[in-house]
Amino acid sequence: MKDGLALTDSEVLDYVHTLLCDLLLRESLPADYDLKDSGALNSIMFLELFVRLETQFGIHITGADVNQDNFRTVDSITRFVRAKRADV
Amino acid sequence: MGTELTITGCTPADYAEICTLQEGLWAGGPDGNHAYLKWKYHANPYLDERYTVIARSPSAEGAELLGMVGVFGSCWERDGRRFTLPCLTDTILASEYRNSPLFHDMVDEVLSRLRRDGVPWLLDFGDQGTVPAMLIRGWRQVGVWGQSVVTRAAGAGHHGPWDALPVTRGVRSGSLISPARTPDLDAMAGVVREVPTDGRLRVARDSAYFDWRASNPLAKYYYLVARSEAGSAEGYLVAHRSGVDTDQGPTPTTVVECEARTPEVCADLIQVAHESLPGTRVLMWTRDLADAGVSVLAGLGAEFIEPTGRPTQDRPLPSLLIRETGAPPLAAGLPDLSRLDGWDFRGVSGRGWR
């Protein structure tokens with residue numbers, strides 16, 4: 001697998017989608033699957049999500065980053081990762 | 001799952017079922033857990049159980065209890081005015097409803113009830129294991145702060161009844177430090193009254209508060225009071241341990257309050273406490289702790305754990321979340337609660353308000 005910093009935007013989307021599927025034990029997730037409304041990710045799962053995003057993309061996720069704009073759907077997480085990578 | 005659940009208020013009549021549903025959250029056994037619920041939610045001097053909610057399956061399915069979120073009252077003061085702020089705490093969910101929206105649905109019901117009654121805020125002092133999920137549902141993180149951990153050898157500390165600990169003279173202040181198993185209500189409330197406020201919001205502590213907390217059926221409390229030669233109270237320290245663990249068991253001992261008229265008295269109390277308390281780990285918040293206290297802890301080999309700002313690193317540290325309910329903030333005189341620098345933790349070093 002490529003280094004996280006070298007991934008294209010679509011590869012970031014694929015990575016985030018696969019990661020969430022792993023955490024939720026699902027084959028796939030609809031694009032609009034809502035992490036806020038589903039309540040499906042517990043604290044440990046969120047922390048696992050953060051650790052794997054930080055490790056894969058070389059980013060630091062802060063408490064201020066954790067909000068519904070950034071972590072509600074696959075798309076919003078992907079946008080967040082892209083923006084964070086641009087800051088690295 | 002899939003049928004409509006009912007979420008209602010909780011009354012003492014529900015306590016027995018709640019104790020049956022929970023699987024070790026409190027570890028006090030049926031009688032101990034029941035007494036804990038009654039103490040925390042019914043006997044709290046600031047707020048009864050009116051905002052604690054429970055969820056049940058539909059009547060057609062037996063109205064089985066599926067979950068509870070607790071809300072208890074904490075009392076704070078600033079410039080002579082007092083404010084009761086509700087705090088989210090104990091969460092219980094039937095196993096099949098974990099990782100489902102039920103916890104959040106129950107919290108939403110709490111928020112709705114608070115809004116209806118004109119209560120503008122709900123606090124969470126790190127009690128929930130769901131901080132990230134709460135943040136994406138509109139909670140705000142007021143802050144995370146540091147704590148010290150002093151790790152001692154097994155068997156360290158005073159052996160025997162706590163109140164048999166010899167009276168010692170503080171090396172910095174010269175005050176006489178004596179132990180007690182019960183709170184010295186007049187001395188402790190007197191010290192709090194004499195410590196000047198600084199414009200921030202601090203925990204209100206009076207006889208009613210100390211008396212209530214000391215009645216926690218699932219905790220053991222250890223008190224130290226520092227007095228001058230003339231007998232006036234100069235400071236006090238309160239620590240607690242789980243009431244269902246042994247003195248050398250795995251749970252930490254936490255210094256929940258250390259209030260003193262001078263930094264020297266505070267430092268002496270911290271030293272005696274860390275040398276004498278039971279337990280292999282002694283924890284203490286370090287936010288707002290005077291330099292003299294920090295020096296004592298450093299001399300005792302404390303590990304100081306400071307926040308990094310990253311949830312992946314800061315999870316074990318104390319924190320405060322706040323959620324606005326939507327009710328207008330009527331309580332003039334309160335600082336901006338969403339700013340950590342509006343909170344005064346000089347005298348509290350653990351979640352001492354319960």
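Helix 1 (residues 9–24) and helix 3 (residues 43–57) of chain A pack at an angle of about 150°, with their axes 11 Å apart. Axes here are lines fitted to C-alpha atoms, for helices over the stretch in contact, and angles run from 0 to 180 degrees between N-to-C directions. Helices (H or I, at least four residues) and strands (E, at least two) are DSSP runs, numbered from the N terminus. Helix 1 of chain A and helix 3 of chain A are therefore roughly antiparallel to each other. Angles under 35 degrees count as roughly parallel, over 145 as roughly antiparallel, 65 to 115 as roughly perpendicular and the rest as oblique. The crossing of this pair is right-handed. A crossing is right-handed if the near helix is turned clockwise from the far one by less than a right angle, and left-handed if anticlockwise.

Helix 1 of chain A brings A:Val12, A:Tyr15, A:Val16, A:Leu19, A:Leu20, A:Asp22 and A:Leu23 to the contact with helix 3 of chain A. Helix 3 of chain A brings A:Met45, A:Glu48, A:Leu49, A:Arg52, A:Leu53, A:Gln56 and A:Phe57. Contact means heavy atoms within 4.5 Å. By class, this contact of helix 1 with helix 3 of chain A has ten nonpolar, one polar and three charged residues. Ala, Val, Leu, Ile, Met, Phe, Trp, Tyr, Cys and Pro count as nonpolar, Asp, Glu, Lys and Arg as charged, and the others, Gly among them, as polar.

The model is predicted: local features need pLDDT of at least 70, side-chain atom pairs count only at pLDDT 80 or more, and totals for chains, interfaces and linings use all residues. Residues are numbered from 1 along each chain as its sequence is written, chains are lettered from A and ligands numbered from 1 in the order in which they are written, and side-chain values use heavy atoms, with hydrogens and water left out.

Helix 1 of chain A also meets helix 4 (residues 74–87) of chain A. Their axes come within 9 Å and cross at roughly 130°. That makes helix 1 of chain A oblique to helix 4 of chain A. The crossing is right-handed. From helix 1 of chain A, the contact includes A:Val12, A:Leu13, A:Val16 and A:Leu20. From helix 4 of chain A, the residues include A:Val74, A:Ile77, A:Val81 and A:Arg85. The contact of helix 1 with helix 4 of chain A divides into seven nonpolar, three polar and four charged residues.

Helix 3 of chain A and helix 4 of chain A complete the set of pairs described here. The axes of helix 3 and helix 4 of chain A come within 11 Å and cross at roughly 40°. Helix 3 of chain A and helix 4 of chain A are therefore oblique to each other. Their crossing is right-handed. A:Leu49, A:Leu53 and A:Phe57 in helix 3 of chain A meet A:Ile77, A:Val81 and A:Arg85 in helix 4 of chain A. This contact of helix 3 with helix 4 of chain A has five nonpolar, no polar and one charged residues.

In chain B, helix 5 (residues 185–194) has the buried residues B:Ala187, B:Met188, B:Ala189, B:Gly190, B:Val191 and B:Val192. Buried means under 20% relative accessible area, exposed over 50%, and partly exposed in between (1.4 Å probe, protein chains only). Elements covering these residues of helix 5 of chain B include strand 3 (65–78), strand 10 (202–203) and helix 6 (207–214) of chain B.

B:Arg202 lies in strand 10 of chain B. B:Arg202 is buried, with a relative accessible area of 6%. A polar atom of the B:Arg202 side chain lies 3.0 Å from the backbone oxygen of B:Val192. Beyond its neighbours within four places in sequence, B:Arg202 contacts residues including B:Trp76, B:Glu259 and B:Asp344.

B:Asp344 lies in the segment after strand 16 (319–324) of chain B. At 3% relative accessibility, B:Asp344 counts as buried. The side chain of B:Asp344 makes a polar contact with the side chain of B:Arg200 (3.3 Å). Another polar contact, of 2.8 Å, joins the side chains of B:Asp344 and B:Arg346. A polar contact is a pair of N or O atoms within 3.5 Å; within protein, one must be able to donate a hydrogen and the other to accept it, and residues adjacent in sequence count only if both atoms are side-chain atoms.
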